[in-house]
Amino acid sequence: MMREKARELCSDKVQDFTKCCQETGFLMVIKCQQENAALKECLTAYYSDPAFYEECKMEYLKQREEYRKTGIPAKQKQQKLPTSM
């Protein structure tokens, strides 16, 4: 959950790194070091933030509580059922 949320918050860095990788192909290991370093720095900042950790922890506990009540995973709840067949 932390990884997903951090990737959303660092979406600009993720896009830069993805674009670099797509443009350079096999040489991405060498040519995209700067973008990769910026992405890692952004993600690490969120991973080491105690407030961000607590936020994710509370969200997880809320989802777990809801699952225990209903038996339906949160991901399944988010999927929309077709309105007409």
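Reader: Why does E59 count as partly exposed?

Author: First, the ground rules. This is a predicted model, where local features need pLDDT of at least 70 and side-chain atom pairs count only at pLDDT 80 or more, while totals for chains, interfaces and linings use all residues. Residues are numbered from 1 along each chain as its sequence is written, and side-chain values use heavy atoms, with hydrogens and water left out. Now, buried means under 20% relative accessible area, exposed means over 50%, and partly exposed is in between (1.4 Å probe, protein chains only). E59 has 31% relative accessibility, so partly exposed it is.

Reader: And what makes K5 buried?

Author: Its relative accessible area is 18%, so K5 falls on the buried side.

Reader: How do you know that K5 and E59 form a salt bridge?

Author: The rule asks for a side-chain nitrogen of Lys or Arg within 4 Å of a carboxyl oxygen of Asp or Glu. For K5 and E59 the N to O distance is 2.9 Å, and that makes a salt bridge. K5 sits in helix α1 (residues 2–9) and E59 in helix α5 (residues 50–70), so the pair ties together parts 54 residues apart in sequence. Helices here are DSSP runs of H or I, at least four residues, numbered from the N terminus.

Technical notes
Helix = DSSP H or I, 4+ residues; strand = E, 2+ residues; numbered from the N terminus.
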